Protein chains: 2
Amino acid sequence: MTEPLKIAVAGLGTVGAGTVKLLADQADLIEQRCGRRITVTAVSARDRSKDRGVDLSGVQWFADPVALAAEADADVVVELIGGAAGAAKATVETAIGRGRHVVTANKALVAHHGTALALAAEERHRTLAFEAAVAGGIPIIKGLREGLAANRTSEVHGILNGTCNYILTEMRTTGREFAEVLAEAQQLGYAEADPSFDIDGIDAAHKLAILTSVAFGCAVDFASVYVEGIRHVAATDLAFAEELGYRIKLLGIARLTPAGVEQRVHPCMVPKDAPIAAVDGVFNAVVAQTDFADRVWLVGRGAGAGPTASAVVADLVDIARGCAAPTFGVPAARLARLEPSPMEGRQGAYYVRLSVADRPGVIADIAAAMRDHDVSMESFLQRGRASSPGEAVPVVLTTHETVEASMRRALAAIAEQRAVLEPPRMIRIEQF
Amino acid sequence: MTEPLKIAVAGLGTVGAGTVKLLADQADLIEQRCGRRITVTAVSARDRSKDRGVDLSGVQWFADPVALAAEADADVVVELIGGAAGAAKATVETAIGRGRHVVTANKALVAHHGTALALAAEERHRTLAFEAAVAGGIPIIKGLREGLAANRTSEVHGILNGTCNYILTEMRTTGREFAEVLAEAQQLGYAEADPSFDIDGIDAAHKLAILTSVAFGCAVDFASVYVEGIRHVAATDLAFAEELGYRIKLLGIARLTPAGVEQRVHPCMVPKDAPIAAVDGVFNAVVAQTDFADRVWLVGRGAGAGPTASAVVADLVDIARGCAAPTFGVPAARLARLEPSPMEGRQGAYYVRLSVADRPGVIADIAAAMRDHDVSMESFLQRGRASSPGEAVPVVLTTHETVEASMRRALAAIAEQRAVLEPPRMIRIEQF
């Protein structure tokens, strides 16, 4: 029988403990699949006394994950600490430097330092794997890098943050406002105490930057991702979307265009009958547009101990089987350096919601501002009247396809009109 | 630089020519991904003079695929002939016997002889790969065997035949009958001149038998698949389904139950809001229910030159990279021999359509037959009245959850009633 694959786990939070549990529960299955066992030989975590519901007897303890990466008796270091810098980065760099394979669920680290880490790992003929960093239990990295390896991918988009998708789904189905649903999500454990990484789109942007690199074979370029979160999406936007035949989703979208690579995360209106519109709650989805296989999409749970551990162990199974593909689908040294396509060049339709004083001539002024900036209006909706003249009423409009730069200029002009009482809110419409 | 991977292609139909074209079009990309080229060194097809739109200069020709499998200068034989026996089987067996890897798109062959072929290949440490045999361009075999390798899968179901899904979608959206839509599908090239493999469910059953084996780690057991096609689905069934909140799909369903493995292909009513209900036209979908990753689903094109070639080349890329997983996820010698769970034991709800003489007492007699066989009715619908008493009218009913054996006995009794003018039609309701 082949020697076991020895792994050291840095970080025993939800995902770390879940990974240790999975490896114990499925030990026989994994041995069948790999032809060898996968054995946890070392772990590191701050608090040794905490009960994590997993058996760690006989496993070497390290207080310091970097010491674990340097000294543990392990073929693979599994980094589940999190964060783009600090201990996580030092742990991964040390592990690679010592000639160990690395499996990580750390999207921030890969989004910020993925190319450099991949170069270091590939120089030493070691694996750097991060299936768990994107879309949890959905095998999308493997899907793009191996399953669709025969294709050129021109676009990838998806629902990459379960917290935002849960909040938007709840807002739509219950009619409640963002703040109320967020508070509930925090109580249920679907949102963090400090939710800004999720709701401001950063987490989705990390994942998108990684997907972009695997899909297009280019260096990871997180800094170029345009990011907008869901704080400004109101219950009334979801209701208007429904009326207009759309659903609102926080999407990550990456596209190869003649001007370069578009990478953006923002709330989108998508047609109700688009497959992604039906993906609700904490589920994630990723859609790839390829040249030979055409469109392929994958849906599943984007977070949680079980799904994330499933992805971590899938990477371990590959290593145990001796399967290695280039980190981002092509060798890191050959990743293209593609120009970012500026957000101002985005072509598409827009939804705009305004709060205006209900008096004659207001709409004419708004329409004139749109015209002056070459934005062509498609529809206009005002529901209800103010109880007294001059009071605020919501007005929404949609535009025909236009350029983002024109739209921004038109909105800046509209925002300055006296009858416009609050900053205009704009949501991009995407036709998939 | 590493030596090219040399491949011999047996069969130059749509998929064969598509594969050769893909390898030519994406040669540089594939070299980047694999670190070596994939080169076609030999082909076999009946007609050498036919223009297939691909450059075959410098490639060795064989009239006989078995001679190609025996004699070609190739590491891999790609079998794209089709059929469970004859030339395809002899080609694959010869290739494995000569120590070559085999990639095939042949679902019938793998469904009938998969276990034996896998044993033979694994004994010689060679790959037998068949991503293209199931769900075309969707990387579902890799998804189950590698992406979800950490999981036990308890159920897999899916839309596995694009022809049937196209026909059912057209029937629903246009209200036309089966025969008319089938004729159109044949004209459009979505259905074969002899469509029985598709519309009678055999093709889906082949794919399901393969999925079952990969999902549950058991020997392929095509003979135990219960199969019913879509010939008897009428436009009126689709209309009633809509009214009852369902869509009709031809599904393949495999489940691990305490009684053994359920494998069945038949038309199903699924709730309109089930994700699979939204997968229309020629698209395929596969849903896996796993223990750690929970539910994961994949959607894409199930047929066509491009998607199928994409899957064939994904398998070639794995071989070129030196990646090998056990054929069905666990070694063929360790595949479980699981008992089939008989169809008569299926538990679930049913939709029944009857053509009855429109006169008093008919419904009472039907209800009594149901009661006598322990089938509990949930709803009953009669739309419209006959123009004269005693004429035929359609009546539909749905049942609460019951056992298939009871349902069959009840239907047999109802079929014998004088007022029942045509054989009862039954469609199983599945709640996902």
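This is a predicted model: local features need pLDDT of at least 70, side-chain atom pairs count only at pLDDT 80 or more; totals for chains, interfaces and linings use all residues.
User: Which element of chain B gives the most residues to the side that touches chain A?

Analyst: Counting residues as in contact if their C-beta atoms, placed from the backbone, lie within 7 Å, 46 residues of chain B meet 46 residues of chain A. Elements are DSSP runs numbered from the N terminus, helices being H or I of at least four residues and strands E of at least two. Those giving two or more residues to this side of chain B are helix 2 (27-34), helix 6 (140-147), strand 12 (295-301) and helix 12 (305-321). With 9 residues, the element that gives the most is helix 12 of chain B.

User: What is the bridge partner of Leu298(A) in strand 12 of chain B?

Analyst: Two strands pair if DSSP finds at least two bridges between them. Strand 12 (residues 295-301) of chain A and strand 12 of chain B are joined by 3 bridges in the antiparallel sense. Within strand 12 of chain B, the partner of Leu298(A) is Leu298(B).

User: Which strands stand at the edges of the open sheet of 6 strands in chain A?

Analyst: The sheet has parallel pairing and the order 3-2-1-4-5-6. Each edge strand has a single partner strand, so one side of each is left without a neighbour in the sheet; these are strand 3 (60-62) and strand 6 (128-129) of chain A.

User: What angle does the direction of helix 4 of chain A make with that of strand 4 of chain A?

Analyst: Helix 4 (residues 86-97) packs on the sheet and touches strand 1, strand 4 (76-79) and strand 5 (101-104) of chain A. Axes are lines fitted to C-alpha atoms, for helices over the stretch in contact, and angles run from 0 to 180 degrees between N-to-C directions. For helix 4 and strand 4 of chain A, the angle is about 170 degrees.

Key
Residues are numbered from 1 along each chain as its sequence is written. Chains are lettered from A and ligands numbered from 1 in the order in which they are written. Two residues are in contact if their C-beta atoms, placed from the backbone, lie within 7 Å.
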